[in-house]
Amino acid sequence: MTACQFLNDHMDNMDNPNNEMRKALIVLFQRWFSVAAEETSTVGDLAAYLREVRKSTPTLLAFLVNLADDNGNTVLHYSVSHCNYSIVGLLLDTGACDVNLQNNAGYTAVMLAALTAPDGPGGMEVVRKLMEMGNIHNRSKQTGQTVLHLAVRHGRVVMVRLLLSYGADANIQDNQGTTALMFASERGHTHVARLLLERSQCDLSLTDKRGRTALAIAMQGSHTDTATLLQAHAKVRAL
């Protein structure tokens with residue numbers, strides 16, 4: 001806690017740290033990521049650390065929980081990636097996490113959560129809380145993709161269903177003009193495509209930057225079941 005106390009006393013100089021502050025930052029960074037970002041991190045250790053921070057240096061809490069490494073990852077990014085949702089829950093409960101922070105690859109913690117498979121109802125409750133706190137329509141600064149794009153691409157049916165229940169926009173196009181439905185068509189994820197068609201206002205006429213609709217993409221990939229589904233929905237909508 002010595003490093004925390006020192007930095008807390010010099011918060012006004014954080015944008016232009018001297019050598020002593022840099023040393024304290026390194027100590028703080030190493031300790032914080034060791035406690036909260038490892039695959040083996042435990043709820044007990046993190047809870048104890050957070051209690052001490054709140055007690056001795058409460059004004060440092062927001063800085064600490066949003067501290068990022070050279071890859072732009074915070075401990076929230078890592079704990080989500082490790083599917084360590086008990087840790088994620090504690091971090092969210094601080095009320096200080098910026099859940100919309102993107103790492104250098106353009107991913108927020110919400111986006112990473114859509115690629116995981118939480119164990120049990122407790123994990124899913126934390127995922128729901130994360131999605132409620134975050135902006136599910138945030139676009140990656142690298143690809144322009146949203147969390148729905150990612151969930152669909154990877155065939156995460158449970159996450160797709162959850163995102164649609166929160167009103168995720170299936171018509172957002174990424175930097176290549178690709179929609180979530182186009183990704184489902186490209187991968188032959190027929191069940192995911194059905195979810196998108198039934199639970200959102202998918203625009204079947206949208207085209208990507210190569211001029212292809214979702215149907216054209218499915219046919220190009222020889223995904224017959226997906227193409228048949230899209231054709232059936234197109235006929236119904238034409239009535």
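Biologist: How many salt bridges does the rule find across the interface of domain 1 and domain 2?

Modeller: Across that interface the rule finds zero salt bridges, a salt bridge being a side-chain nitrogen of Lys or Arg within 4 Å of a carboxyl oxygen of Asp or Glu. This is a predicted model, in which local features need pLDDT of at least 70 and side-chain atom pairs count only at pLDDT 80 or more, whereas totals for chains, interfaces and linings use all residues. Residues are numbered from 1 along each chain as its sequence is written, and side-chain values use heavy atoms, with hydrogens and water left out.

Biologist: What area is buried between domain 1 and domain 2?

Modeller: Buried area is the accessible area (1.4 Å probe) that two parts lose on being put together, summed over both. Between domain 1 and domain 2 it is about 1,600 Å², and carbon and sulfur atoms give 62% of that area. Of the part that domain 1 buries against domain 2, Met111, Leu115 and Asn135 supply 33%, more than any other three residues.

Biologist: How many helices and strands does the chain have?

Modeller: Helices (H or I, at least four residues) and strands (E, at least two) are DSSP runs, numbered from the N terminus. By that rule the chain has 14 helices and zero strands, and its C-alpha atoms fill a box of roughly 70 × 35 × 25 Å along the principal axes. If we take contacts between residues at least 6 apart in sequence, 69% of them join residues at least 24 apart.

Biologist: Which residues of helix α10 are buried?

Modeller: Buried means under 20% relative accessible area, exposed over 50%, partly exposed in between (1.4 Å probe, protein chains only). Of the 239 residues of the chain, 48% count as buried. In α10, which covers residues 157–165, the buried ones are Met159, Val160, Leu162, Leu163 and Leu164. These buried residues pack against four helices, namely α7 (109–113), α8 (120–133), α9 (147–153) and α12 (190–199). After α10 comes glycine 167, whose phi is positive, near 85 degrees.

Biologist: Does histidine 77 count as buried or exposed?

Modeller: Histidine 77, which has its place in helix α5 (residues 75–81), counts as buried because its relative accessibility is 2%. Leaving out residues up to four places away in sequence, histidine 77 touches Gly72, Leu101, Gln102, Asn103, Tyr107, Thr108, Ala109 and Leu112.

Biologist: Where is aspartate 203 placed, and why does aspartate 203 count as partly exposed?

Modeller: Aspartate 203 sits in the loop between α12 and α13 (214–220), and it counts as partly exposed because its relative accessibility is 34%. Here the distance along the sequence and the distance in space can be read side by side: aspartate 203 and asparagine 171 are 32 residues apart in sequence, while from C-alpha to C-alpha they are 6.5 Å apart in space.

Definitions and conventions: Contact = heavy atoms within 4.5 Å.
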